[in-house]
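Student: Hi, could you walk me through this model? I'd like to ask things as they come to mind.

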Amino acid sequence: MYVKICGLSEEEHVRTAVEAGADAIGLVLTHSPRRVTPERAAELAALVPPHVLTVGVFKGEDPDTVRAAALAAGVRAIQLHGNHPHSDFTALKDLGLTLVRAVAADADLRCGAYDEDLLLVDAPRAGAGEPWDWSAVRGRPTGRWLLAGGLTPGNVRAAVAAAAPWGVDVSSGVEVARGVKDSALIRAFLTAARP
Ligand SMILES: O=C(O)c1ccccc1N[C@@H]1O[C@H](COP(=O)(O)O)[C@@H](O)[C@H]1O
(Lines give C-alpha, C1' and ligand atoms only; values in the text may rest on other atoms or scores of the structure.)
Protein backbone atom coordinates (compact mmCIF):
# COMPACT_ATOMS: atom_id res chain seq x y z
CA MET A 1 0.00 0.00 0.00
CA TYR A 2 1.49 3.33 -1.15
CA VAL A 3 1.26 5.94 1.62
CA LYS A 4 1.60 9.72 1.35
CA ILE A 5 1.75 11.91 4.45
CA CYS A 6 0.72 15.45 3.53
CA GLY A 7 0.96 18.95 4.96
CA LEU A 8 4.31 18.64 6.73
CA SER A 9 6.03 21.80 7.92
CA GLU A 10 8.47 20.67 10.65
CA GLU A 11 11.76 18.77 10.28
CA GLU A 12 10.75 16.34 13.03
CA HIS A 13 7.67 15.22 11.15
CA VAL A 14 9.48 14.90 7.83
CA ARG A 15 12.09 12.67 9.50
CA THR A 16 9.39 10.63 11.24
CA ALA A 17 7.46 10.06 8.01
CA VAL A 18 10.62 8.96 6.18
CA GLU A 19 11.81 6.69 9.01
CA ALA A 20 8.35 5.14 9.41
CA GLY A 21 8.27 4.23 5.71
CA ALA A 22 6.19 6.85 3.90
CA ASP A 23 6.41 6.63 0.10
CA ALA A 24 5.69 10.33 -0.36
CA ILE A 25 5.43 13.50 1.68
CA GLY A 26 3.36 16.55 0.79
CA LEU A 27 4.37 20.19 1.22
CA VAL A 28 1.45 22.59 0.86
CA LEU A 29 2.31 25.58 -1.34
CA THR A 30 -1.17 27.05 -1.47
CA HIS A 31 -3.61 28.80 0.86
CA SER A 32 -3.88 26.55 3.94
CA PRO A 33 -3.05 26.43 7.65
CA ARG A 34 -0.31 24.02 6.51
CA ARG A 35 1.16 26.36 3.94
CA VAL A 36 4.94 26.64 3.72
CA THR A 37 6.91 29.02 1.53
CA PRO A 38 8.82 27.54 -1.40
CA GLU A 39 12.03 28.33 0.50
CA ARG A 40 10.85 26.43 3.58
CA ALA A 41 9.67 23.58 1.38
CA ALA A 42 13.16 23.40 -0.16
CA GLU A 43 14.71 23.06 3.31
CA LEU A 44 12.30 20.24 4.17
CA ALA A 45 12.66 18.51 0.79
CA ALA A 46 16.43 18.46 1.28
CA LEU A 47 15.91 16.10 4.25
CA VAL A 48 14.13 13.53 2.12
CA PRO A 49 16.01 10.62 0.51
CA PRO A 50 15.49 9.98 -3.22
CA HIS A 51 13.25 6.95 -2.73
CA VAL A 52 10.61 9.15 -1.04
CA LEU A 53 8.63 11.42 -3.36
CA THR A 54 8.35 15.09 -2.39
CA VAL A 55 5.03 16.56 -3.55
CA GLY A 56 4.14 20.25 -3.83
CA VAL A 57 0.41 20.72 -3.23
CA PHE A 58 -1.46 23.49 -5.09
CA LYS A 59 -5.07 24.55 -5.47
CA GLY A 60 -6.25 26.66 -8.37
CA GLU A 61 -3.02 28.53 -9.19
CA ASP A 62 -2.14 29.11 -12.84
CA PRO A 63 0.56 26.88 -14.38
CA ASP A 64 3.21 29.62 -14.37
CA THR A 65 2.75 30.19 -10.63
CA VAL A 66 2.82 26.45 -9.97
CA ARG A 67 5.94 26.03 -12.09
CA ALA A 68 7.85 28.81 -10.30
CA ALA A 69 6.93 27.59 -6.80
CA ALA A 70 7.64 23.92 -7.60
CA LEU A 71 11.06 24.76 -9.03
CA ALA A 72 11.92 27.00 -6.07
CA ALA A 73 10.84 24.29 -3.65
CA GLY A 74 12.73 21.55 -5.48
CA VAL A 75 9.84 19.10 -5.19
CA ARG A 76 9.69 16.04 -7.47
CA ALA A 77 5.93 16.01 -7.89
CA ILE A 78 3.08 18.49 -8.30
CA GLN A 79 -0.41 17.84 -6.92
CA LEU A 80 -3.13 20.02 -8.43
CA HIS A 81 -6.47 20.46 -6.65
CA GLY A 82 -9.26 22.67 -7.98
CA ASN A 83 -10.62 21.27 -11.24
CA HIS A 84 -7.68 22.22 -13.43
CA PRO A 85 -8.24 21.76 -17.16
CA HIS A 86 -6.26 19.19 -19.11
CA SER A 87 -4.23 22.05 -20.63
CA ASP A 88 -2.75 22.93 -17.21
CA PHE A 89 -1.28 19.43 -16.93
CA THR A 90 0.01 19.66 -20.50
CA ALA A 91 1.62 23.03 -19.68
CA LEU A 92 3.56 21.49 -16.78
CA LYS A 93 4.57 18.25 -18.49
CA ASP A 94 7.95 19.56 -19.70
CA LEU A 95 9.13 19.89 -16.07
CA GLY A 96 9.47 16.11 -15.97
CA LEU A 97 7.91 15.98 -12.50
CA THR A 98 5.29 13.48 -11.36
CA LEU A 99 1.87 15.09 -11.88
CA VAL A 100 -0.95 14.28 -9.46
CA ARG A 101 -4.53 15.20 -10.41
CA ALA A 102 -6.62 15.66 -7.24
CA VAL A 103 -10.37 15.42 -7.78
CA ALA A 104 -13.62 14.71 -5.96
CA ALA A 105 -15.52 11.49 -6.61
CA ASP A 106 -17.86 13.06 -9.18
CA ALA A 107 -14.99 13.94 -11.58
CA ASP A 108 -13.50 11.95 -14.44
CA LEU A 109 -11.85 9.11 -12.52
CA ARG A 110 -9.88 7.60 -15.39
CA CYS A 111 -6.23 7.60 -14.29
CA GLY A 112 -4.15 9.41 -16.89
CA ALA A 113 -7.14 11.09 -18.54
CA TYR A 114 -5.38 14.46 -18.16
CA ASP A 115 -1.88 13.00 -18.76
CA GLU A 116 -1.31 12.88 -15.02
CA ASP A 117 0.86 10.17 -13.48
CA LEU A 118 -1.24 9.66 -10.36
CA LEU A 119 -4.90 10.29 -9.57
CA LEU A 120 -5.94 11.35 -6.07
CA VAL A 121 -9.62 11.00 -5.16
CA ASP A 122 -10.42 13.35 -2.31
CA ALA A 123 -13.35 14.58 -0.24
CA PRO A 124 -15.43 17.42 -1.72
CA ARG A 125 -13.52 19.86 0.57
CA ALA A 126 -9.79 19.12 0.27
CA GLY A 127 -7.71 19.17 3.43
CA ALA A 128 -10.72 19.54 5.71
CA GLY A 129 -10.29 16.11 7.28
CA GLU A 130 -13.86 15.12 6.49
CA PRO A 131 -14.62 11.43 5.93
CA TRP A 132 -16.91 10.69 2.97
CA ASP A 133 -18.48 7.63 1.35
CA TRP A 134 -15.23 5.97 0.24
CA SER A 135 -17.15 2.94 -1.10
CA ALA A 136 -18.69 5.18 -3.79
CA VAL A 137 -15.46 5.04 -5.81
CA ARG A 138 -14.74 1.32 -5.46
CA GLY A 139 -13.88 -0.11 -8.87
CA ARG A 140 -14.14 3.23 -10.70
CA PRO A 141 -10.56 4.53 -10.85
CA THR A 142 -8.10 1.98 -12.18
CA GLY A 143 -4.33 1.93 -11.91
CA ARG A 144 -2.29 4.18 -9.66
CA TRP A 145 -4.74 6.17 -7.55
CA LEU A 146 -4.71 7.44 -3.99
CA LEU A 147 -7.67 7.68 -1.66
CA ALA A 148 -7.80 10.79 0.56
CA GLY A 149 -10.24 12.72 2.69
CA GLY A 150 -10.78 12.23 6.39
CA LEU A 151 -8.47 9.25 6.78
CA THR A 152 -7.07 8.54 10.26
CA PRO A 153 -5.07 5.76 11.91
CA GLY A 154 -8.39 4.48 13.22
CA ASN A 155 -10.35 4.35 9.96
CA VAL A 156 -7.76 3.79 7.22
CA ARG A 157 -8.29 0.01 7.19
CA ALA A 158 -12.04 0.43 6.77
CA ALA A 159 -11.46 3.02 4.04
CA VAL A 160 -9.12 0.68 2.17
CA ALA A 161 -11.61 -2.16 2.49
CA ALA A 162 -14.38 0.10 1.19
CA ALA A 163 -12.60 1.66 -1.79
CA ALA A 164 -9.75 -0.74 -2.65
CA PRO A 165 -7.29 2.04 -3.59
CA TRP A 166 -3.70 1.61 -4.80
CA GLY A 167 -2.56 4.00 -2.05
CA VAL A 168 -3.72 6.42 0.64
CA ASP A 169 -3.01 10.04 1.54
CA VAL A 170 -3.52 11.70 4.92
CA SER A 171 -3.13 15.17 6.38
CA SER A 172 -5.64 16.17 9.10
CA GLY A 173 -5.80 12.63 10.48
CA VAL A 174 -2.21 12.81 11.73
CA GLU A 175 -2.69 16.15 13.49
CA VAL A 176 -3.42 17.02 17.14
CA ALA A 177 -4.78 20.44 16.14
CA ARG A 178 -5.46 22.03 12.77
CA GLY A 179 -2.11 22.24 10.99
CA VAL A 180 -0.17 20.69 13.89
CA LYS A 181 1.25 17.26 13.01
CA ASP A 182 2.09 14.57 15.56
CA SER A 183 4.87 12.00 15.15
CA ALA A 184 3.02 9.26 17.04
CA LEU A 185 -0.02 9.67 14.78
CA ILE A 186 2.17 9.59 11.66
CA ARG A 187 3.71 6.30 12.81
CA ALA A 188 0.29 4.92 13.78
CA PHE A 189 -1.14 5.79 10.37
CA LEU A 190 1.69 4.03 8.51
CA THR A 191 1.32 0.95 10.70
CA ALA A 192 -2.45 0.84 10.25
CA ALA A 193 -2.27 1.37 6.48
CA ARG A 194 0.10 -1.60 6.09
CA PRO A 195 -0.93 -4.21 8.70
O1 LIG B 1 -3.99 20.21 3.48
C2 LIG B 1 -4.49 21.25 3.04
O3 LIG B 1 -4.68 22.22 3.77
C4 LIG B 1 -4.85 21.34 1.60
C5 LIG B 1 -5.13 22.59 1.06
C6 LIG B 1 -5.44 22.70 -0.27
C7 LIG B 1 -5.50 21.58 -1.07
C8 LIG B 1 -5.25 20.34 -0.54
C9 LIG B 1 -4.92 20.19 0.79
N10 LIG B 1 -4.67 18.96 1.37
C11 LIG B 1 -4.92 17.72 0.73
O12 LIG B 1 -6.20 17.25 1.07
C13 LIG B 1 -6.20 15.84 1.06
C14 LIG B 1 -6.93 15.24 2.25
O15 LIG B 1 -6.59 15.84 3.42
P16 LIG B 1 -7.23 15.36 4.82
O17 LIG B 1 -6.48 14.12 5.21
O18 LIG B 1 -8.67 15.11 4.63
O19 LIG B 1 -6.95 16.49 5.73
C20 LIG B 1 -4.77 15.41 0.98
O21 LIG B 1 -4.54 14.98 -0.36
C22 LIG B 1 -3.97 16.65 1.17
O23 LIG B 1 -2.87 16.60 0.30
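Predicted model: local features only at pLDDT ≥ 70, side-chain atom pairs only at ≥ 80, totals over all residues.

Student: Which exposed residues sit on the face of H3 turned away from its buried side?
Tutor: Asp64 and Ala68 are the exposed residues carried there. Helices (H or I, at least four residues) and strands (E, at least two) are DSSP runs, numbered from the N terminus.

Student: Okay, back to H3. Which residues of H3 are buried?
Tutor: Val66, Ala69, Ala70 and Ala73 are. Looking down the axis of H3, you find these buried residues within an arc of 100°, so they line one face of the helix. The arc is that of the directions from the helix axis to the C-beta atoms. As background, an α-helix has 3.6 residues a turn, so residues three or four places apart point the same way.

Student: And what covers the buried residues of H3?
Tutor: The cover includes strands S2 (24-28), S3 (53-59) and S4 (77-81), along with H2 and helix H4 (86-92). H3 lies across S2, S3 and S4, and runs at about 150° to S3. Just after H3 comes Gly74, with a positive phi of about 70°.

Student: You mentioned H2. At what angle do the axes of H2 and H3 cross?
Tutor: H2 (residues 38-45) and H3 (residues 63-73) cross at roughly 40°, and their axes come within 7 Å. That makes H2 oblique to H3. For the cut-offs, under 35 degrees is roughly parallel, over 145 roughly antiparallel, 65 to 115 roughly perpendicular and the rest oblique. Axes here are lines fitted to C-alpha atoms, for helices over the stretch in contact, and angles run from 0 to 180 degrees between N-to-C directions.

Student: Which residues make the contact?
Tutor: On the H2 side they are Pro38, Glu39, Ala41, Ala42 and Ala45, and on the H3 side Ala69, Ala72 and Ala73. Seven of the contact residues are nonpolar, none is polar and one is charged. Here Ala, Val, Leu, Ile, Met, Phe, Trp, Tyr, Cys and Pro count as nonpolar, Asp, Glu, Lys and Arg as charged, and the others, Gly among them, as polar. Contact is taken as C-beta atoms, placed from the backbone, within 7 Å.

Student: What do the buried residues of H2 pack against?
Tutor: They pack against helix H1 (11-19), S2, S3 and H3. The residues in question are Ala41, Leu44 and Ala45. Seen down the axis of H2, they fall within an arc of 95°, so these too line one face of the helix.

Student: Switching to the strands: how many are in the barrel?
Tutor: Eight, in a closed barrel running S1-S2-S3-S4-S5-S6-S7-S8 with parallel pairing. Neighbouring strands are turned by 25° against each other on average, direction ignored. A pair needs at least two bridges found by DSSP.

Student: How many bridges do S2 and S3 have?
Tutor: Five, in the parallel sense. S1 (residues 2-5) and S2 pair over two bridges, also parallel. Ala24 in S2 stands opposite Lys4, and its bridge partner in S3 is Leu53.

Student: Is Leu53 buried or exposed?
Tutor: Leu53 is buried, with 20 other C-beta atoms within 10 Å. Its strand, S3, has six of its seven residues buried, so S3 is largely enclosed by the rest of the structure. Setting aside neighbours within four places in sequence, Leu53 contacts Asp23, Ala24, Arg76, Ala77 and Thr98. Thr98 is 45 residues away in sequence, yet 8.9 Å from Leu53, C-alpha to C-alpha.

Student: Last one: where does Asp115 lie?
Tutor: Asp115 is in the loop between strands S5 (98-104) and S6 (118-122). Its phi is near 65°, positive in a residue other than glycine. Most residues other than glycine have a negative phi. Asp115 counts as exposed, with 12 C-beta neighbours inside 10 Å.

Definitions and conventions
Residues numbered from 1 in each chain as written. Contact = placed C-beta atoms within 7 Å.
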